Amino acid sequence: MSKIPFTKATDCFTLSNGVKIPCLGYGTWQTPNGGVTEKCVVNAINAGYRHIDTAFIYGNEQEVGSGIRLSGAARSDIFLTTKHWVTERGYEKTLAAVETSLKNLGTDYIDLYLIHWPCVQKISEDWEKINADTWRGFERAYKDGKIRAIGVSNFQKKHIDALIKYAEVKPMVNQLEFHPGYTQLENVRAMQEMGVLTEAWSPMGSGAVLKDERLASLAAKYGVSVSQLCVRFALQENVLPLPKSTNENRMAQNMKVFDFEISEEDISELESFPLLGFSGFMPEDAPADALAE
Ligand code: A2P
């Protein structure tokens, strides 16, 4: 699947409910407050990004919201994603969490809201029910028009299969760690078969893959940077990349991925790359703070 149907970052994937989502987004994980996130969001929008990804736990929802307003872009021109944190599991708490994020972001709707991490067996024997209760809150807020699309993050197939058993509305997205050296390709393919769009967090392994010599020589072959190779790799896998950079030039560079095409052979090489840049985060074995109730 080398060819992509996109020629620019504002071209869209269509989610299973018909909502359009710009095919490349700007990530804000680990982008600090104190004006940094606000400025980055303004710069990203000026560079042409129309899709911004944040999360309650990043602590920067307020600055993401103020950055969008400061940029002068119409709210309706920006696709805004945020995520539900693990401490807010359950129906009522989820409804309250939606209100908190709306308030933080200073908006009256969220384009895409994701369960940040699944509840898993290791946390509770009732993990399936806990995720289902949280999901009912998602469905309520979705039906009330507070959220345009709902999904999950860091779910393995078994978690999503369990959720779907109870769901009225199927998740539209699963956001996963995805980059050369850690593609979770089996999970990505399963999502594609289910009609769930995969998004890539840390499409360049939080920067860890950028110095790899094999990747550097592959990128040089196409006359691009390793970052651009990684972003393009995600797109050619039908995965929506969410690169992040606090630097204006690099933000712009990461969007210039529509004028080259990675060959089938090189895609295969990238798919089978040895483990590199893996964060260590797994749903069943994530750090305690990600799994805490
Ligand atoms: P910086 O913010 O200084 O640009 P990921 O998106 O996989 O999490 O990777 C983000 C990391 O990669 C950040 O440390 C970022 O640093 C760095 N980065 C992002 N884009 C580029 C680029 N085009 N060239 C070099 N480093 C980059």
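Visitor: Which backbone nitrogen lies 3.1 Å from a polar atom of the Ser245 side chain?
Guide: This is a predicted model, so keep that in mind throughout. Ser245 sits in the loop between strand E10 (239-242) and helix H9 (248-253). A polar atom of its side chain lies 3.1 Å from the backbone nitrogen of Asn247.

Visitor: Is Ser245 buried or exposed?
Guide: Leaving out neighbours within four places in sequence, Ser245 is in contact with Tyr26, Arg250, Met251 and Asn254. Its relative accessible area is 10%. Buried means under 20%, so Ser245 counts as buried.

Visitor: Moving on to helix H10, where do its buried residues fall, seen down the axis?
Guide: H10 covers residues 264-271, and Asp266, Ile267 and Leu270 are the buried ones. Down the axis they fall within an arc of 105 degrees, so they line one face of the helix. In general, residues three or four places apart in an α-helix point the same way, because there are 3.6 residues a turn. For H10, the answer is one face, within an arc of 105 degrees.

Visitor: How are H8 and H10 set relative to each other, roughly parallel or roughly perpendicular?
Guide: Their axes come within 11 Å and cross at roughly 100 degrees. That angle makes H8, relative to H10, roughly perpendicular.

Visitor: And which residues make the contact of H8 with H10?
Guide: By class, there are four nonpolar, one polar and one charged residues. From H8 come Leu229, Phe233 and Gln236, and from H10 come Ile267, Leu270 and Glu271.

Visitor: What is the relative accessible area of Val209?
Guide: Val209 lies in the loop between strand E9 (197-201) and H7. Not counting residues up to four places away in sequence, Val209 touches His179, Pro180, Met204, Leu215, Val226, Cys230, Leu276 and Gly277. Val209 is buried, and its relative accessible area is 0%.

Visitor: How many Å apart in space are Val209 and Pro180, C-alpha to C-alpha?
Guide: Along the sequence, 29 residues separate them. In space, the C-alpha to C-alpha distance is 7.5 Å.

Visitor: What is the phi of Gln30?
Guide: Most residues other than glycine have a negative phi. Gln30 is in the loop between strand E3 (26-27) and helix H1 (36-47), and it counts as exposed at 58% relative accessibility. Although Gln30 is not a glycine, its phi is positive, at about 70 degrees.

Note on methods
Residues numbered from 1 in each chain as written. Predicted model: local features only at pLDDT ≥ 70, side-chain atom pairs only at ≥ 80, totals over all residues. Heavy atoms only, no water. Buried < 20%, exposed > 50% of the residue type's maximum accessible area, 1.4 Å probe, protein only. Helix = DSSP H or I, 4+ residues; strand = E, 2+ residues; numbered from the N terminus. Arc of directions from axis to C-beta. Contact = heavy atoms within 4.5 Å. Axes fitted to C-alpha atoms, helices over the stretch in contact; angles between N-to-C directions. Parallel < 35°, antiparallel > 145°, perpendicular 65-115°, else oblique. Nonpolar A, V, L, I, M, F, W, Y, C, P; charged D, E, K, R; others polar. Polar contact = N/O pair within 3.5 Å; in protein donor to acceptor, adjacent residues only side chain to side chain.
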